[in-house]
Amino acid sequence: MIHVPLEPAGRLSDAWRACVGTGRLDLALRRDYQDSLALLQRDIGFRHLRGHGLLSDGMGVHRPYEWQGARRTHHSFTYLDQVFDALLATGIRPFLELGFMPEEMASGTQTVFWWEGNVTPPADEKEWTRLVRAVLTHLIDRYGLDEVRTWPIEVWNEPDLPPFWKDADEAAYHRLYEATAHTVKEVDAELAVGGPALSPAADGWLERFADFAERRDVPVDFVSRHAYASGPAQNVPFGTHQTLAPASTLLDQFAQPRTALAGTRLAGLPVHITEFNSSYRPDNLIHDTAFHAAYLAPVVAAGGDHADSFSYWTFSDVFEETGIPTALFHGGFGLLTHRQIRKPTYHLYAFMARMGEERLARGEDHLVTRHADGRLTVLAWAPVDPTGRTPGPDRHTLRLSLPVAGEGRGEVFVRRSTVDEEHGNAYTAWRHMGSPRSPRPGQLDMLREASEPARGHSRLPVEDGRTDLTVTLARHEVTLVELTPVDDETPPWWDERRLLGADTA
């Protein structure tokens with residue numbers, strides 16, 4: 001029995017909800033995307049959204065033309081306005097990633113992804129900084145300076161990887177960052193700019209970035225990197241299998257920037273993990289499973305110890321980096337499939353959104369919090385082996401002694417919501433259906449129903465200000481238990497035993 005103390009250990013960090021990822025930003029023009037974002041914000045409520053392609057040709061901002069024998073540039077904000085209007089209408093703010101390179105500004109032809117984002121440096125640095133200045137000035141004019149100051153600005157994405165930055169040219173990235181950061185500060189000194197948005201494979205880049213920033217007196221308001229825990233891809237047609245490291249590896253990656261930057265000028269700056277997931281592949285079916293939710297539960301519960309934000313990559317399967325998905329469940333990064341089918345990991349986040357402000361206890365399989373009104377919330381998960389094998393028995397039991405606020409409270413009302421291999425798991429139902437690539441409307445209805453968590457209700461007695469809770473977890477289960485002190489208003493004349501069919505045993 002774990003004795004949960006009455007006094008809180010501190011406040012529950014909300015770094016888990018500070019940001020979430022998305023595919024390229026022009027996908028926000030689609031109805032399915034907007035419907036998915038509205039559902040996400042209703043159930044979870046993330047604060048920022050980060051995606052690629054803000055400056056890529058799909059957004060159509062950079063529009064060069066010729067007039068009177070001279071090359072000129074028109075900056076068009078038609079799509080940009082529609083995208084950001086849609087985001088803000090759902091209560092989520094942009095986390096701006098400046099990239100990729102507009103084709104007619106680029107120094108080369110190298111691209112990344114199916115949608116061909118150009119990843120070469122600008123042919124003319126001044127033209128690039130004029131673009132950055134024009135975009136930020138427009139955003140401030142449209143949304144207001146106070147609002148845009150709340151939008152972090154990240155320079156590029158994973159420049160340490162050749163697919164994302166030509167030849168992974170570190171010196172060229174430093175030049176781009178320096179010119180961009182100074183331009184941001186010239187627009188407004190209080191805009192927050194940072195980077196370098198490194199991949200987990202970056203070796204020494206962050207330390208050298210800190211040295212460069214100090215030598216050149218370059219503005220840096222936050223540092224960013226990414227975290228993934230999967231091994232090399234083992235490809236099959238339209239899919240990938242990978243091994244996984246223990247989930248604690250992700251927490252180690254979250255902690256790495258603060259360790260690496262200790263003693264540098266960048267020590268103490270906010271750390272943003274602007275992408276994280278188990279696998280870095282958008283076609284690995286692990287993302288769709290209950291195993292995935294249980295695997296990530298300890299990361300989501302404890303990640304705020306190591307970073308100011310850690311952004312799940314991504315909120316939706318409306319995503320096309322490797323091409324248009326070939327089936328409803330295809331291993332996409334999303335918390336949601338197309339058509340808003342919720343995955344088990346979606347429910348992990350929705351459960352976190354129901355946790356209290358005070359953190360009472362946290363262990364290898366649980367997190368206990370309390371709301372200001374005295375309600376208790378317990379998030380519990382069955383520990384998983386990263387190899388996929390189930391350690392020990394198929395059932396995992398957690399026993400907690402919980403403090404209950406208020407005097408004279410004899411019982412608590414218990415509400416339990418469960419996700420596991422059979423509950424809150426549309427992927428299992430889809431497999432039983434025969435894995436239809438394009439489910440019919442009736443099948444979609446069944447899958448939405450199958451994605452609902454199992455829910456149960458009961459009461460527990462309170463003695464000496466405490467109640468004992470026993471939670472038995474099935475294989476790969478994540479469960480939320482909410483306990484509310486009961487103020488019993490049953491009239492004195494009511495005798496439940498007289499109700500026909502009542503259990504009088």
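The model is a predicted one, so numbering runs from 1 along each chain as its sequence is written, local features need pLDDT of at least 70, side-chain atom pairs count only at pLDDT 80 or more, and totals for chains, interfaces and linings use all residues. Side-chain values use heavy atoms, with hydrogens and water left out.

Side chains of opposite charge can pair when their charged atoms come close. A search of the whole structure turned up 39 salt bridges, each being a side-chain nitrogen of Lys or Arg within 4 Å of a carboxyl oxygen of Asp or Glu. One of them joins Arg 216 to Glu 178, with 3.0 Å from N to O. Arg 216 sits in helix 6 (residues 205-216) and Glu 178 in helix 5 (residues 170-187), so this pair ties together parts that are 38 residues apart in sequence. Helices here are DSSP runs of H or I with at least four residues, strands are runs of E with at least two, and both are numbered from the N terminus. As for solvent, Arg 216 is partly exposed at 47% relative accessibility, while Glu 178 is buried at 15%.

Next comes a bridge between two loops. Asp 217 pairs with Arg 265, and their closest N and O atoms are 3.6 Å apart. Asp 217 belongs to the loop between helix 6 and strand 13 (222-228), and Arg 265 to the loop between helix 7 (248-261) and strand 16 (271-277), which puts the partners 48 residues apart. Asp 217 is exposed, with a relative accessible area of 56%, and Arg 265 is partly exposed at 33%.

Strands get a bridge as well. The closest N and O atoms of Arg 370 and Glu 358 are 2.8 Å apart. Arg 370 is in strand 19 (residues 366-370) and Glu 358 in strand 18 (residues 358-363), so the pair ties together parts 12 residues apart in sequence. Elsewhere, salt bridges link Arg 24, Asp 26, Arg 30 and Glu 320 in a network.

Finally, a loop residue. Ala 202 lies between strand 12 (193-198) and helix 6, and is partly exposed at 24% relative accessible area. Its C-alpha atom is 9.2 Å from that of Pro 159, a residue 43 positions away along the chain.

Key: Buried means under 20% relative accessible area, exposed over 50%, partly exposed in between (1.4 Å probe, protein chains only).
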